[in-house]
Amino acid sequence: MLEIRGLTLRAGGRVLLQDLSLQVPGQGITALLGASGCGKSSVLKWLAGILPEGVQAEGEVLVDGQPRPTGDRLLAYQPQNDALFPWLTIAENAALGLRMAGVSAKLATARVLPLFAPFGLAGTEGLYPEDLSGGMRQRAAFLRTMVQERPFVLLDEPFSALDAVTRLKMQTWLLARLSATPRGGLLVTHDLQEAAALADRICVITAGHGVTLPVDMPHSERTEAAMAPLRETLKSLLLEECPP
Amino acid sequence: MLSRVLPPLALFALLFAAWEGYCRLSGVSELVLPGPSAVLRALYIHREAIGGHALATLLVAVPGFALSVSFAVLTSVALHFYPRAERAVLPVFVASQTVPLVALAPLMILWFGFGLLPKILLVILVTFFPVLLSLLSGYRQTPAAFRDLLRSMGAGRRQIFLRATWPSARGAFFAGLRISATYAIVATIFAEYAGARQGIGIWILAAKNSFRADLVLAAVLVSALLTLGLLGALRAIEALSARGPARRHHA
């Protein structure tokens, strides 16, 4: 269990987020939902130890009840969009996290290559990011995150740059991948539908505070109609912050 | 390839034809303005002498340029890791660019003699700054997401530089090299003009003193060819060192 306790974020004297506490179980997805600029991406950056200089943070990170530093090796961070390096092949991109952890190029490649087929990337090993579609690039970025074998993954709006159809396909694909290799996922998104479709619990950031709602429904039963009440609740929570 | 070479060749042919036509129809003296055919004739007749001078110029310009690029790369890396130094040092480099070559070249000869050193120093002075500035601006083009990703993976500043910052600056680096390469030959000729035993600059000085406009223009043509040769070599290095999309761009 990854736990955030009493996180307050300030930027330029302004409080972005006040006293956020959040629990991310070791399996399934916890969504962090909020409007643009509410500080939700900064929560991930804080956890990953890469908070920009102008943002100050107070709060605690705990894993299984033990205090941990931010930027801990138990967390793998995936930035917004895919951040694949255009001068590296897909195999080299996927192996980047392992290389940074001190694994040799040969060994990192050997660990990455068998995962190309299960991640739907067979045949793309020697290609470059510009050769791949948006969905494929996201899969490659996700492979780069997952192969680091850290128990928690931090996903910053991974599907925001994709078209609607590809996004839906990728959401289904992500659920399948996470059930095959269980991790605790903290997903930042501004998309109500995405949070409702993917998450096992949703933390809505509203008026600088976090409100957590469990989503007790199997993914297979999450039809548009079944999720409508939840979406309405989420919408009203989000709109609290921005009166008309 | 042909579609890239043909338009400039056609434009050169057109300009030379207009120049030749003007010289023949206007009756202007060959001593004042020789046509391209007269220039090419002079170049052919004196090919061995000009060739020797061109080689001397190249032997100053190329090592000078190579040294300049090496210094620029080292300085850019140092300034990248110590941004405070950048704020102190950059104005000095900018000021160095405002010194007129016409004043500096004779002083260099006065201080360092007629050998290789003053000419190489002059080439470095002229070509160093554009490469340095391109590199520093290239480093700043590194996407923040690349740096964030590497930092989240535990990379240090050196690893971030090698993995993301340096490759991101590649395009800017070669743009700076191309700009500097065009200055390298001109700067060498300037240095030779101020005082040398051999080189295109000395050839131009001697030809001018003998009122041989055709030989001056022949030297101009040779210096243009030398610069084009240098640019061609750079393009080859850029293409050979490219990976992925950059390689395709050069194909």
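This is a predicted model: local features need pLDDT of at least 70, side-chain atom pairs count only at pLDDT 80 or more; totals for chains, interfaces and linings use all residues.
Across the interface of domain 1 and domain 2 of chain A, three residue pairs are in polar contact, both partners at pLDDT 80 or more. Helix 6 (164-180) and strand 7 (152-156) of chain A each bring at least two residues to the side of domain 1 that touches domain 2. Helix 6 of chain A gives the largest share of that side, six residues.

Let's step back to the domains themselves. Domain 1 of chain A takes in 24-56 + 67-74 + 152-244, while domain 2 covers 84-149. Their C-alpha centres lie 24 Å apart, and 13 residues of domain 1 of chain A are in contact with 10 residues of domain 2 of chain A. How big is the area buried between domain 1 and domain 2 of chain A? It is about 1100 Å², with carbon and sulfur atoms giving 70%. On the domain 1 side, A:Trp173, A:Arg177 and A:Arg183 lose the most area to domain 2 of chain A, together 44% of what that side buries.

Now follow chain A to strand 9 (residues 201-206), where you will find A:Thr206. A:Thr206 is buried, at a relative accessible area of 5%, and its side chain reaches the backbone oxygen of A:Leu237 at 2.7 Å.

Finally, a word on cysteines: the structure holds zero disulfides over all chains. For A:Cys203, the nearest cysteine sulfur belongs to A:Cys38 and is 9.5 Å away. A:Cys203 is buried, with a relative accessible area of 0%; B:Cys23 is also buried, at 10%.

Key. Residues are numbered from 1 along each chain as its sequence is written. Chains are lettered from A and ligands numbered from 1 in the order in which they are written. Side-chain values use heavy atoms; hydrogens and water are left out. Helices (H or I, at least four residues) and strands (E, at least two) are DSSP runs, numbered from the N terminus. Buried means under 20% relative accessible area, exposed over 50%, partly exposed in between (1.4 Å probe, protein chains only). A polar contact is a pair of N or O atoms within 3.5 Å; within protein, one must be able to donate a hydrogen and the other to accept it, and residues adjacent in sequence count only if both atoms are side-chain atoms. A disulfide is a pair of cysteine sulfur atoms within 2.5 Å. Domain bounds come from an automatic or database domain assignment. Contact means heavy atoms within 4.5 Å. Buried area is the accessible area (1.4 Å probe) that two parts lose on being put together, summed over both.
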